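Me: I would like to go through some of the labels attached to this model and ask what each one rests on. Please set the value against the cut-off each time.

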Amino acid sequence: MTRRDFASAMNPRWCPGCGDYAILNATQTVMAEMGIPRERFVIVSGIGCSSRFPYYMNTYGMHTIHGRGPAVASGLKVARPDLDVWIATGDGDGLSIGGNHLIHILRRNINVNILLFNNRIYGLTKGQYSPTSEFGKKTKSSPMGSPDRPFNPLALALGANATFVARTVDRYMGHMKEVLKAAAEHPGTSFVEILQNCVIFNDGAFEYITENAVREDHDLILEEGKPLIFGKERDKGIRLLKDGLEVVPLGNGTGEEDLMVHDSTREDPSVAMMLAHMEDLPGHTIDRWPVPLGIFRRVKHQTYDAVVHEQLSEAKKNKKVDVQSLLESGDMWEVKA
């Protein structure tokens with residue numbers, strides 16, 4: 001199969017230049033490479049620009065109500081564990097209206113893949129500030145600047161004990177495919193934040209890390225088993241201290257052996273949390289601290305759907321169970337008029 005096999009006959013209706021096109025292309029390519037029949041894929045979405053995803057995939061799909069993609073996907077995966085279920089959501093859909101649903105699917109570790117398109121704006125409704133918009137951001141709904149402190153999507157996922165947490169960028173096609181492939185192979189809930197440009201209502205939101213002139217100095221690519229090095233001259237790194245992280249220049253007695261080696265398989269999420277909060281550090285400036293991209297955490301836990309099916313199999317072995325007697329068991333009360 002090829003990417004074209006996963007493209008529906010419908011032409012995508014996104015604004016020219018929208019980052020959603022790249023995400024769609026990458027997802028179709030990764031699915032084609034997985035060697036799984038199209039009819040076993042299901043894309044579930046809520047509401048928003050990103051949530052038009054199911055229409056453009058030549059797979060099964062459900063366009064549900066605002067923020068409820070995780071709820072529908074949870075039921076589907078538990079009922080049909082043979083299906084490969086993906087959720088397409090945005091920062092408004094997933095972190096505001098559907099925030100509660102997102103937290104609990106991450107906590108339960110249901111075997112689905114979540115793609116969170118983060119453009120830091122409500123695009124479909126024409127430019128209101130979203131849960132990931134910067135503090136003080138001026139939009140149509142915040143003409144004097146947003147009074148909200150923004151959500152950190154990765155920290156939220158790690159706080160919910162998600163077993164796979166990653167970040168990529170719509171403009172980095174190769175990196176995005178690698179991350180999506182790893183997410184698809186993960187047994188459990190995978191959560192991928194995709195920094196996505198909205199050309200109409202929040203154009204250039206991520207230029208500080210994606211522009212050619214700055215990306216090598218501002219991007220920190222997380223590579224498994226390798227020290228955290230960044231910079232155009234590969235002359236800076238991240239050191240792990242007892243009380244946090246530190247940016248250090250290489251040379252003058254500081255070498256790669258002094259740097260933190262990336263290990264996404266740590267059961268303890270505290271180091272991954274420090275990486276996720278790198279942008280939130282007091283006194284942070286992009287010229288000093290880079291933005292980490294890649295897989296922050298990847299650990300194996302038993303999935304919710306597997307536990308449910310184990311319980312169902314066990315229950316079926318006891319064929320003497322009678323529903324009526326089960327209903328009448330335990331504490332009973334008689335209500336009299």
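Me: Why is Arg120 called buried?

Reply: Buried means under 20% relative accessible area, exposed means over 50%, and partly exposed lies in between, with a 1.4 Å probe and protein chains only. Arg120 has 13% relative accessibility, so Arg120 counts as buried. The model is predicted: local features need pLDDT of at least 70, side-chain atom pairs count only at pLDDT 80 or more, and totals for chains, interfaces and linings use all residues. Residues are numbered from 1 along each chain as its sequence is written, and side-chain values use heavy atoms, with hydrogens and water left out.

Me: How many aromatic pairs does a search of the whole structure find?

Reply: The search finds five. Rings of Phe, Tyr and Trp (its six-membered ring) pair if their centres lie within 6.5 Å; planes under 30 degrees apart count as stacked, over 60 as edge-to-face and the rest as tilted.

Me: What makes the pair of Trp14 and Tyr21 edge-to-face?

Reply: The ring centres of Trp14 and Tyr21 are 5.5 Å apart and the planes stand at 90 degrees, so the pair is edge-to-face. Trp14 has a relative accessible area of 7% and is therefore buried, while Tyr21, at 30% relative accessibility, counts as partly exposed.

Me: Why is the pair of Phe53 and Phe117 given a class, and which one?

Reply: Their centres lie 5.6 Å apart and their planes are at 85 degrees, so this pair is edge-to-face. Phe53 is in the loop between strand 1 (41-45) and strand 2 (60-63) and Phe117 is in strand 4, so the pair ties together parts that are 64 residues apart in sequence. Phe53 has 1% relative accessibility and counts as buried; Phe117 has 1% and counts as buried. One aromatic cluster is formed by Trp14, Tyr21, Phe53, Tyr56 and Phe117.

Me: What puts the charged end of Arg108 over the ring of Tyr304?

Reply: A charge sits over a ring if NZ of Lys or CZ of Arg is within 6 Å of the ring centre and within 35 degrees of the ring normal. The charged end of Arg108 is 5.7 Å from the centre of the Tyr304 ring and sits over that ring.

Me: Why is strand 1 described as largely enclosed?

Reply: Five of the five residues of strand 1 are buried, so the rest of the structure largely encloses strand 1. Phe41, Ile43 and Ser45 on one side and Val42 and Val44 on the other are all buried, which covers both faces. In a regular strand the side chains alternate between the two faces of the sheet.

Me: What makes strand 3 (residues 84-90) largely enclosed?

Reply: Seven of the seven residues of strand 3 are buried, so strand 3 is largely enclosed by the rest of the structure. Asp84, Trp86, Ala88 and Gly90 point one way, Val85, Ile87 and Thr89 point the other way, and all are buried.

Me: How do you know that strand 1 and strand 3 pair?

Reply: Two strands pair if DSSP finds at least two bridges between them. Strand 1 and strand 3 run parallel and are joined by five bridges; Phe41 stands opposite Asp84 in strand 3, and Val42 has Val85 as its bridge partner. Strand 3 also pairs with strand 4 in the parallel sense, over five bridges, and Ala88 stands opposite Leu115 in strand 4. Strand 1 and strand 2, which run parallel, are joined by four bridges.

Me: Why is Gln196 called buried, and what does Gln196 touch?

Reply: Gln196 has 3% relative accessibility, so Gln196 counts as buried. Contact means heavy atoms within 4.5 Å. Not counting residues up to four places away in sequence, Gln196 touches residues including Cys18, Asp20, Phe117, Asn119 and Asp170.

Terms used: Helices (H or I, at least four residues) and strands (E, at least two) are DSSP runs, numbered from the N terminus.
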